[in-house]
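Please read it with the sequence and the coordinates open.

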Amino acid sequence: MVYFNIDSFDNSKMTDLDFNRLSTFIYTNYGIKLPPSKKIMLEGRLLKRLRTLNIPSYKKYCEFIFSNEGQRSELIHMIDVVTTNKTDFFRESVHFDYLSNNILPGVFRDYSAAKPFKVWSAGCSTGEEPYTLAMVLSLFAETHMGFSFNVWGTDISSRVLQAAALAVYTEDKVAPVPIALKRQFLLKSKDVHNKTVRIVPQLREKVKFGRLNFIDEDFGPIANFNVIFCRNVLIYFDRPTQEKVILKLCSKLEPGGYLFLGHSESVSNMNLPLTQIRPNIFKRK
C-alpha cells in the first residue's frame with residue numbers, strides 16, 4: 001500500500017459521489033442501507049480509518065477500498081466501523097423469561113440427551129447476548145438432568161467477535177446481570193485497579209463464535225437450531241432484504257423451533273413459514 005504523509009490530509013468533506021459509491025457497495029455486498037441522511041455518520045466513522053492509513057481524502061480512500069489491495073486488507077475494517085454494535089446483557093429480558101419459563105420446559109419433555117439444545121445468536125456483537133443465553137441454559141441444565149446445550153454467536157464484524165471470544169467486560173456492562181448470576185458466572189480481575197470481569201471458562205466453552213454476512217447466499221453447514229435470536233439487526237436492512245434474511249434463518253431452524261426478533265422489528269405482510277406466538281416471538285411451522 002502507498003502511504004501518505006499525514007500533513008497532506010485533506011480536511012474537505014466527503015462528496016456525494018464518494019458517499020454514493022461507498023453506500024451502494026455496502027448495500028450490495030452487506031445489505032446495510034445507508035440513505036443520504038447517513039452521510040455525515042459515515043464520514044465521521046471513516047475519518048479515523050483515513051488517519052490510521054494516512055490517506056489524505058475520502059476520494060483517495062474510495063480508490064483504495066476498490067483496489068485489489070484494499071479489498072484484501074481494508075474491507076473488513078471499513079465494515080467494522082460502519083456496523084453498529086449496541087448490545088447489553090439481558091436486553092429485552094422478557095425474551096429470556098419466555099425461553100426459560102415456556103420453551104425449555106416444553107422442549108425437555110421430548111428431549112434426547114444425545115442431541116444438544118442449539119441456540120444461535122445471529123448478530124451477536126461483543127457477546128452479551130450469547131453469554132446471557134448460556135447463563136439461562138446453564139441454570140436450566142442444573143435442574144434438568146442430562147440436558148446439554150450449545151450456543152453459537154455470529155457477526156459480520158471481526159473486531160466485535162474478538163471481544164466476544166475474550167469475554168472481558170467492564171463492571172458497568174454487567175450491571176444488568178442479577179447478583180446471583182454474577183457470583184456464579186463472572187470472575188473479577190485479580191488486579192484491584194482493573195474494574196473488569198470475565199465470563200467463567202465453563203460458560204465460555206459452551207459458546208462458539210464465527211463471522212457471517214447475512215447477505216451471503218449460503219449460511220454454510222450450520223443448521224437445526226432450536227432457537228434463533230436475531231434482534232435489532234434487521235432494522236439496518238430494507239424490506240426485501242429483511243424477508244430474504246429471515247427466510248434463510250428459517251431454513252436453519254428446526255420445525256417447531258423459535259425465532260426471536262427485536263422489539264422494533266416487524267414481519268407483517270412477509271411470506272414466511274412462521275406463526276407469531278408473542279410480540280416478536282415466532283414459531284416455525
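1. In helix 5 (75-82), the buried residues are Leu75, Met78, Ile79, Asp80 and Val82. Buried denotes under 20% relative accessible area, exposed over 50%, and partly exposed the range in between, with a 1.4 Å probe and protein chains only. These buried residues pack against helix 1, helix 2, helix 3, helix 4 (68-73) and helix 8 (158-166). Contact here stands for heavy atoms within 4.5 Å. Helices (H or I, at least four residues) and strands (E, at least two) are DSSP runs, numbered from the N terminus.

2. A remark on the basis of these points: this is a predicted model, in which local features need pLDDT of at least 70 and side-chain atom pairs count only at pLDDT 80 or more, while totals for chains, interfaces and linings use all residues. Residues are numbered from 1 along each chain as its sequence is written, and side-chain values use heavy atoms, with hydrogens and water left out.

3. The largest nonpolar core has 48 residues, and those with the most contacts inside it are Leu46, Met78, Trp120, Phe214, Ile246, Leu249 and Leu259. Two or more residues each are given to this core by helix 1 (16-30), helix 2 (39-53), helix 3 (58-65), helix 5, strand 1 (117-122), strand 7 (225-230), helix 11 (239-251) and strand 8 (253-261). A nonpolar core is a set of buried Ala, Val, Leu, Ile, Met, Phe, Trp, Tyr and Cys residues joined through side-chain atoms within 4.5 Å. A second, separate core has 36 residues, including Phe96, Ile103, Leu137 and Val207.

4. Which residues does Ile246 touch, not counting those up to four places away in sequence? They are Leu234, Leu259, Leu261, Val267, Met270, Leu272 and Leu274.

5. The axes of helix 2 and helix 3 come within 11 Å and cross at roughly 75°. Axes are lines fitted to C-alpha atoms, for helices over the stretch in contact, and angles run from 0 to 180 degrees between N-to-C directions. The two helices are therefore roughly perpendicular to each other, where angles under 35 degrees count as roughly parallel, over 145 as roughly antiparallel, 65 to 115 as roughly perpendicular and the rest as oblique. Helix 2 contributes Glu43, Leu46, Leu47, Arg49, Leu50 and Leu53 to the contact, and helix 3 contributes Tyr58, Tyr61 and Phe64. By class, seven of these residues are nonpolar, none is polar and two are charged. Ala, Val, Leu, Ile, Met, Phe, Trp, Tyr, Cys and Pro count as nonpolar, Asp, Glu, Lys and Arg as charged, and the others, Gly among them, as polar.

6. Strand 1 and strand 2 run parallel and are joined by six bridges; Trp120 has Trp152 in strand 2 as its bridge partner. Two strands pair if DSSP finds at least two bridges between them. Strand 2 (residues 149-155) is mostly covered, with six of its seven residues buried.

7. Gly210 belongs to strand 6 (residues 207-211) and counts as buried at 17% relative accessibility. Leaving aside neighbours within four places in sequence, Gly210 is in contact with Trp152, Gly153, Thr154, Asp155 and Leu161. Leu161 is 49 residues apart from Gly210 along the chain, yet their C-alpha atoms are separated by 7.3 Å.

8. An open sheet of three strands has the order 3-5-4, with antiparallel pairing. Strand 3 (168-170) and strand 4 (186-188) stand at its edges with a single partner strand each, so one side of each is left without a neighbour in the sheet. Strand 4 and strand 5 (residues 196-199) pair over three bridges, and Leu187 has Arg198 in strand 5 as its bridge partner.

9. Strand 9 (residues 274-278) and strand 10 form a hairpin with two residues between them, and Asn280 in the turn has a positive phi of about 65°. The two strands pair in the antiparallel sense over four bridges, with Gln276 bridged to Phe282. Strand 10 (residues 281-284) is also joined to strand 8, antiparallel, by three bridges, and Phe260 stands opposite Ile281.

10. Two further residues deserve a look at the backbone. Phe90 is not a glycine but has a positive phi of about 55°; Phe90 lies in the loop between helix 5 and helix 6 (93-109) and counts as buried at 16% relative accessibility. Ser125, likewise not a glycine, has a positive phi of about 55°. Ser125 lies in the loop between strand 1 and helix 7 (128-142) and is buried, with a relative accessible area of 3%.
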